[in-house]
Amino acid sequence: MRDVAVIGIGITKFGELWERSFRDIGIEAGIKAIGDSGISGADIDALYIGNMSAGAFVNQEHVASLIADYVGLAQTSHVPATRIEAAGASGAVAFREAFLSIASGMHDIVVVGGAEKMTDIGDELANSVQAMAIDQEWETVFGATYASLHAMMARAHMERYGTTREQLAMVSVINHRHGALNPDAQFRREINIDTVLRSGMVADPLRVFDMCPLSDGAATVVLASADIAEKFTDKPVKIKGIGQASDTISLHDRRDITTMDATVYAAKRAYDMAGIKPEDVDFAEVYDSSTISEIMAIEDLGFFDKGKGGKAAEDEKIALGGEIPVNTSGGLKSRGHPVGATGVAQIVEIVKQLRGEADKRQVEGAKIGLAHAIGGTGGTAVVSILEAMR
Amino acid sequence: MNMPRFWREISGRYNLIGSRCGNCGEYFFPKRDICPKCHRKSMGKMESVKFSGTGKVISYSIVHDPHPAYSDMRPYVMAIIELDEGPKLTSQIVDCEPEDVHTGMRVKATFRKLAEDGKEGVIFYGYKFKPE
């Protein structure tokens, strides 16, 4: 298997981009990444697009063809373009498929985009579309919402490990603090614990500020076989390890709702491939679709012992300047969560940090970064470990 | 949700019919065609079973911001319930104050209206749980 490197990154502003279409943002991120990478269109062998639900959000399917067309790759080079859907992990799974296509020797240079346009429809409908990632026949029909399932995880974690309501709030506080430093973030305002605790109740014990927003946005990365990466960039970033895993689609069928086994297995695969341990990771982008999902992630990834994630948030071990900075981009909560884009946006942040281009949110001495994405409530997980090649 | 899509799942939603693996004896709800533990050995050996409908609360949430079809009932309690035979499912808990629900609480299934498909559409029925 060949080594693979990231040679270019591009991202749009995340937020409610009413004046911009799905096509506009997909193209913007793509052009930025291709520009950043130093390649030209003729060098591209394939295109992968992570997208959860363009059909429901903007009435458009077949979006890989659409994006290939408008980035100018359909009519001349006729590159294969493939759309990947894995709910919130769509972008991350697309990234892994692109990695595999190069590692296998099939392709040399591949572009991976992630995009979602969620604000062309009303919030109620958008929430219902997002909830399609949970089991429609055995969860949704009985009245379960995405937030209520996270709330059940939170309650179980609180009752078993003593995680407090304030500790959950700290996750949101830290992510907003980081997001305020990210010019591309949706919410660039610091908040405090009271902001979270006074926000409206969504599904007890979780409130509005525990949950990630609805967002528009797109992100793109360009991958190349490591042996040719330096022809295009002087700052290639190697994909050192990557793992994907599945679990039951319904939360109730899980072995334990305070752990996401998909994360545990994806992480083990990624760590084994990279030949490293959790303590070797300098910083991470993890999937904080809710505050409890970040706490579970930092435990399941091995950064903290099971049950100690809440305390780690309280002690700011996951803040910039802490033991292991998490979600320096602002995470899903503050940077925003255009579902299909998130997995790719996480890679963009990791690469910025490893290149030393993260400006005010730069992690000092960042050498190894980890990205973690989840589909649904944990039915899919992808963990990627990246390292600067020089 | 359209009518055939609901109708197809009536045996599970009305009568709590699930499966038992004829190879290892493990119970499943809803029905499964293959046992995730026995794989090939369970092929053709999955039997239909009706569950007793009693169990306990594993975790729960009080929903304040539901899907519009459920907004008449809010706030309502969603829970993960472990049936006495072993399988777990997601259901509302009714016939008690939300504040009285707690982890470990004993509950039993009851047949209720779940939601309406608009003002003139089909009414969906199925299980909810209440204190035992």
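Is A:R355 buried or exposed? A:R355 counts as buried, at 11% relative accessibility; here buried means under 20% relative accessible area, exposed over 50%, and partly exposed in between (1.4 Å probe, protein chains only).

Before the details, a word on the ground rules. This is a predicted model, in which local features need pLDDT of at least 70 and side-chain atom pairs count only at pLDDT 80 or more, while totals for chains, interfaces and linings use all residues. Residues are numbered from 1 along each chain as its sequence is written, chains are lettered from A and ligands numbered from 1 in the order in which they are written, and side-chain values use heavy atoms, with hydrogens and water left out.

1. **The partner of A:R355.** A:R355 forms a salt bridge with A:D36, with 2.7 Å between the closest N and O atoms. A salt bridge here is a side-chain nitrogen of Lys or Arg within 4 Å of a carboxyl oxygen of Asp or Glu. A:D36 belongs to helix α1 (residues 22–37) of chain A and A:R355 to helix α14 (residues 339–355) of chain A, so the pair ties together parts that are 319 residues apart in sequence. Helices (H or I, at least four residues) and strands (E, at least two) are DSSP runs, numbered from the N terminus. A:D36 counts as partly exposed, at 32% relative accessibility. Both residues also belong to a network of salt bridges that links A:D36, A:K235, A:R355 and A:E357.

2. Over all chains, the structure holds 36 salt bridges.

3. **The surroundings of A:R96.** A:R96 meets A:E97 in a salt bridge (4.0 Å, N to O). A:R96 is partly exposed at 21% relative accessibility, and A:E97 is partly exposed at 28%. The side chain of A:R96 also makes a polar contact with the side chain of A:Q244, at 3.1 Å. A polar contact is a pair of N or O atoms within 3.5 Å; within protein, one must be able to donate a hydrogen and the other to accept it, and residues adjacent in sequence count only if both atoms are side-chain atoms.

4. **A:Q244.** This residue lies in strand β8 (residues 237–246) of chain A and is partly exposed, with a relative accessible area of 22%. Its C-alpha atom is separated by 5.6 Å from that of A:A381, 137 residues apart along the chain. Not counting residues up to four places away in sequence, A:Q244 touches several others, including A:V93, A:A266 and A:T380; contact means heavy atoms within 4.5 Å.

5. **A:Q167.** In helix α7 (residues 165–179) of chain A you will find A:Q167, which is buried, with a relative accessible area of 7%. A polar atom of its side chain lies 3.0 Å from the backbone nitrogen of A:T164.

6. **Where the chains meet.** B:I80, B:K88 and B:T90 supply 19% of the area that chain B buries against chain A, more than any other three residues.

7. **Links across the interface.** Three salt bridges are counted between chain B and chain A. One of them joins B:R13 to A:E137, with the closest N and O atoms 2.9 Å apart. Strand β5 (residues 201–204) of chain A also pairs with β4(B) in the antiparallel sense over two bridges; two strands pair if DSSP finds at least two bridges between them. There, A:D204 stands opposite B:I62.

How values were computed. Buried area is the accessible area (1.4 Å probe) that two parts lose on being put together, summed over both.
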